[in-house]
Amino acid sequence: MDLPLDDVRAVIASAKARETGGFLALVRSRHPDVSDAGLQDLADRTLALIEEVPLLMERAVAGARGRDLESVVEPVVAHAARYFTAPIDAIPEMTQGLAGLIDDAYFVLRVLSLLEAGPGTVLGIDLSGRIAFLRDLLGPRLAEQLDRTTGQALEAVTESVSQVWNALARQA
C-alpha cells in the first residue's frame, strides 16, 4: 500500500510557510499566564510533535511489517494520513496555519495509540505524554470530539483488524 506520507510532510511545510501568528495565539489562549519564553518553548514543543507525526507513521508501518501486521496497520495509518491531509477538519490548516495541524497530530497519535494497544505493538513507544500535551492545547471539548472521530475511523477497518488480531491471539 502506498501511504501518502509525503503529502503529510507537504501539509506541514505549507502550514509553516503560511503561519501568521495564529499558532502562538492558540498556545497563548490555552496558557495565558506563561512567560514569553515559556510560550515559545510550548510552541516549539508543539511544532516538534507535529513534525514527528510522519516519522511515527513510518515507524508504525515498519513495525507492522516486521510482525506481519501490515494488513491491519497500513489501512489504519493510511486513513489517519488522509485525515491529516484533508483540507477541512476540526481546525482547518488552510485558514489557521500551524494551529490547524494540532487536531491532525492529535488524531494520528490517538490512532497510533489504539494500534499500540493491540496484541502486537508496532511502535514500542508510549504516546500518552504526547497525546496529553496536545489534548491540553485542544481543550477537552474538541479532544473528546476527536476521540469519537478516532473511534469512528477505526470502525471503518474494524473487520480486517479484528480478523488479524483474532488470528494472532490464536497463534499465541
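**Exercise 1. Decide whether S113 is buried or exposed.**

Solution. Take the relative accessible area of S113, which is 17%. Compare it with the cut-offs: buried means under 20%, exposed over 50%, partly exposed in between (1.4 Å probe, protein chains only). S113 is therefore buried. Helices here are DSSP runs (H or I, at least four residues), numbered from the N terminus. Last, list the contacts, meaning heavy atoms within 4.5 Å. Leaving aside residues up to four places away in sequence, S113 touches L127 and I131.

This is a predicted model: local features need pLDDT of at least 70, side-chain atom pairs count only at pLDDT 80 or more, and totals for chains, interfaces and linings use all residues. Residues are numbered from 1 along each chain as its sequence is written, and side-chain values use heavy atoms, with hydrogens and water left out.

**Exercise 2. Check the span of helix α6 (residues 102-116).**

Solution. The expected span is 1.5 Å times one less than the number of residues. For the 15 residues of α6 that gives 21 Å. The end C-alpha atoms of α6 are 21 Å apart, so the two values agree. Now look at the cover: 14 of the 15 residues of α6 are buried.

**Exercise 3. Find the aromatic pair and classify it.**

Solution. Rings of Phe, Tyr and Trp (its six-membered ring) pair if their centres lie within 6.5 Å. Planes under 30 degrees apart count as stacked, over 60 as edge-to-face, the rest as tilted. The whole structure holds one such pair. The ring centres of Y83 and F107 are 4.1 Å apart and their planes meet at 25°, so the pair is stacked. Y83 sits in helix α4 (residues 70-85) and F107 in helix α6, 24 residues apart. Both Y83 and F107 are buried.

**Exercise 4. Describe how helix α2 (residues 22-30) crosses helix α7 (residues 128-138).**

Solution. The axes come within 8 Å and cross at roughly 90°. That makes α2 roughly perpendicular to α7 (65 to 115 degrees). In the contact, L26, V27 and R30 of α2 meet D136, L137 and L138 of α7. These residues divide into four nonpolar, no polar and two charged.

**Exercise 5. Locate P54 and list what it touches.**

Solution. P54 lies in helix α3 (residues 36-65). Its relative accessible area is 2%, so P54 is buried. Beyond residues up to four places away in sequence, P54 touches L5, V8, R9 and I12. P54 and V8 are 46 residues apart in sequence, yet 6.6 Å apart in space, C-alpha to C-alpha.

Terms used: Axes fitted to C-alpha atoms, helices over the stretch in contact; angles between N-to-C directions. Helix = DSSP H or I, 4+ residues; strand = E, 2+ residues; numbered from the N terminus. Parallel < 35°, antiparallel > 145°, perpendicular 65-115°, else oblique. Nonpolar A, V, L, I, M, F, W, Y, C, P; charged D, E, K, R; others polar.
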